[in-house]
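Me: I would like to go through this structure in short questions. Please show it before we start.

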Amino acid sequence: MQKQKKVLVTGGARGIGEAICRALSADGWFVYIHCNSSVSEAENLCSELGNSQVVVADLSSSSAVDIISEICADADAIVNNAGVALVDLFDRVTDMDMRRLFEINLFAPMNITRRLLPQMISKKQGAIVNISSIFGENGGSCEVDYSVSKSALIGFTKALAKEVGPAGIRVNCVCPGIIDTDMNGNLSFDDIESLCDEIPISRVGEPEDVADTVAFLLSDKARYITGAVIDVNGGWQG
């Protein structure tokens with residue numbers, strides 16, 4: 001009997017992360033659902049999916065990597081999805097807010113991957129998907145620090161893909177555009193209407209649009225894809 005593959009999804013309790021957990025569970029993966037504050041949502045999702053486990057850790061804390069790497073040591077794949085936004089003028093961002101942003105959006109994905117990678121290398125197989133953003137490619141006004149953190153994830157993806165490809169491990173990146181999640185909950189109806197006028201597909205994205213792309217990249221159908229940066233943005237350029 002073939003062993004069930006296991007995947008860690010950070011920020012898996014809500015929004016895009018929840019949709020990713022659902023899609024991967026439907027594809028037969030055992031899902032480690034990471035969360036921080038959304039514990040009840042994660043537990044409800046875990047109960048609904050079955051074949052999953054909740055992992056609680058604050059990615060802005062130095063102990064988070066130890067917690068995650070201990071529980072998820074046997075993960076065959078990682079989806080570095082967790083992230084926080086930071087909207088403000090560049091010269092008004094505090095050092096504390098900047099450090100927290102980078103801890104969660106960049107250093108946590110790198111350090112979690114660093115800890116879980118050796119066992120993937122030993123098995124000569126594995127897959128990693130990093131969730132960046134359209135602003136990581138094109139930049140966003142009043143989201144400079146956020147854009148930098150997401151741009152760095154793209155560089156991380158491309159460099160690591162070259163390094164671990166010979167070990168049978170694929171590393172790819174997904175860059176969502178405007179997706180209907182709580183992170184964009186500050187947008188008014190008029191804002192959404194205006195954005196839709198700029199999006200060739202004429203709608204904002206759904207979490208499932210991103211989740212389906214991630215599921216594809218972790219599947220054998222994407223076995224010859226690595227180091228790729230895939231836009232899920234309806235054609236919008238930001």
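Reply: Two strands pair if DSSP finds at least two bridges between them. The model is a predicted one.

Me: How many bridges join strand β5 to strand β6?

Reply: Strand β5 covers residues 126-131 and strand β6 covers residues 169-176. The two run parallel. Pairing needs at least two bridges, and the number joining β5 to β6 is six.

Me: Which residue in β6 does Ile131 stand opposite?

Reply: Ile131 belongs to β5, whose residues are 126-131. Its counterpart in β6 is Val174.

Me: Which are the edge strands of the sheet?

Reply: The sheet is open and has seven strands, paired in parallel. Their order is β3-β2-β1-β4-β5-β6-β7. An edge strand here pairs on one side only, and the two are β3 (52-56) and β7 (229-232).

Me: By how many degrees are neighbouring strands of this sheet turned against each other on average?

Reply: The direction of the strands is ignored for this value. The average is 20°.

Me: Why are Arg22 and Glu18 separated by about one helical turn?

Reply: The structure holds six salt bridges. One of them joins the side chains of Arg22 and Glu18, at 3.0 Å from N to O. Both residues lie in helix α1, and they are about one turn apart because their spacing is four residues.

Methods. Residues numbered from 1 in each chain as written. Predicted model: local features only at pLDDT ≥ 70, side-chain atom pairs only at ≥ 80, totals over all residues. Heavy atoms only, no water. Axes fitted to C-alpha atoms, helices over the stretch in contact; angles between N-to-C directions. Salt bridge = Lys/Arg side-chain N within 4 Å of Asp/Glu carboxyl O.
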